[in-house]
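Hi everyone, thanks for coming. Please have a look at the sequence and the model on the screen, and then we'll walk through a few spots together.

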Amino acid sequence: MGRYSRLRFIRTLDPDRDHERISNMVSRYEFPFDYRLGFEYAVMIDNAVPSISGLLVKTGQFRDHGQKRFDDTMLFEYELKRAGLDSPHGRTAVRALNTIHGRYDITNDDYLFILASQTLGPIDWINTYGWRRLTGHEARALVNTNRRMGELMGIKDIPLDLTGFRTVLETTLRDRARYQDTNRQATESVIQTIARWYPAPLRPLIPHAVTALVAPYLRPLLGLPDPHGPLEYTVRTALKARGRALRLAPPRPAHHPYTPHPNSYPAGWTIAQLGPGHGGRSTESR
């Protein structure tokens, strides 16, 4: 299999009918690292809206259980999609997620914004730092997959296409994003969690590197300072260089799709363990 063989196959599929199959190949084979980083970046964007950051701070999940909260967010997205959103497994994951969300007073507008950010975050990240840009075919499939996920979550007024998702994101940031101290608190908790992924000597550098990747217009909304000197250029250039280097790498083998290895669940996890109030360290592996 050549570097672009999977892309040629993707182009034979229908992004409306085969959207989950295409999304699976994009997120688990073509761009597994970049897809996850884009999804994680979306968590930062969400903190720019005070109603969202306020709830995160109020629950204390990122502050007190940052790694598990991060892992659970990623794992729910994985479990919802890995066997198909409408599969029995996907429906079980949806019910579990809806039960958790049902404990909180979350508006449809906030759900829409988060859905938009978590759809566009991976797309924009891949197009900026990936080894190639997504085709319109692939982006449409990702949107269609997340539209269906949103429908199963009971979200209303979901846009029909990429342009509509972009409108939701930009309109919300324009009309509702403003600085509030909960934005800073939630963002600092996320950054502290990310820093703990790295060896202790590197941890003081991580907040600066993460800040360098946040869009300049978002930094004041999140209470983040501008990075010092050439750091922003250096970090972004390094990630783009990595993407160019990956063009020369072999494609991910068909028998080896991306599978999460979350720190909170070193022995595996079950859907029942995901969410607040549930512990990790299951004996079931994925």
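Let's start with a question: does A177 count as buried or exposed? At 14% relative accessibility, A177 counts as buried, where buried means under 20% relative accessible area, exposed over 50% and partly exposed in between, with a 1.4 Å probe and protein chains only.

A quick word on the ground rules. This is a predicted model, in which local features need pLDDT of at least 70 and side-chain atom pairs count only at pLDDT 80 or more, while totals for chains, interfaces and linings use all residues. Residues are numbered from 1 along each chain as its sequence is written, and side-chain values use heavy atoms, with hydrogens and water left out.

Back to A177, which sits in the loop between α9 (162–175) and α10 (181–195); helices here are DSSP runs of H or I with at least four residues, numbered from the N terminus. Setting aside neighbours within four places in sequence, A177 is in contact with A48, T172 and L221, contact being heavy atoms within 4.5 Å. A177 and L218 are 41 residues apart in sequence, yet 9.2 Å apart in space, C-alpha to C-alpha.

L218 takes us to the largest nonpolar core. Of its 77 residues, L173 and L218 touch the most other members. Such a core is a set of buried Ala, Val, Leu, Ile, Met, Phe, Trp, Tyr and Cys residues joined through side-chain atoms within 4.5 Å. Helix α7 (residues 108–129) gives the most to this core, namely ten residues. Again leaving out neighbours within four places, L173 is in contact with I45, A48, F113, Y217 and L218.

Now, which helix meets α7 through residues such as I45? That is α3, where I45 and F39 are among the residues meeting α7, whose side includes F113 and W125. The axes of α3 (residues 32–46) and α7 come within 7 Å and cross at roughly 135°; axes are lines fitted to C-alpha atoms, for helices over the stretch in contact, and angles run from 0 to 180 degrees between N-to-C directions. That makes α3 oblique to α7, given that under 35 degrees is roughly parallel, over 145 roughly antiparallel, 65 to 115 roughly perpendicular and the rest oblique.

Last stop: α4 (residues 50–59) and α5 (residues 61–81) pack at about 90°, with axes 8 Å apart. They are therefore roughly perpendicular to each other. Here L56, V57 and T59 of α4 meet Q61, F62, R63 and R69 of α5.

Definitions and conventions. Helix = DSSP H or I, 4+ residues; strand = E, 2+ residues; numbered from the N terminus.
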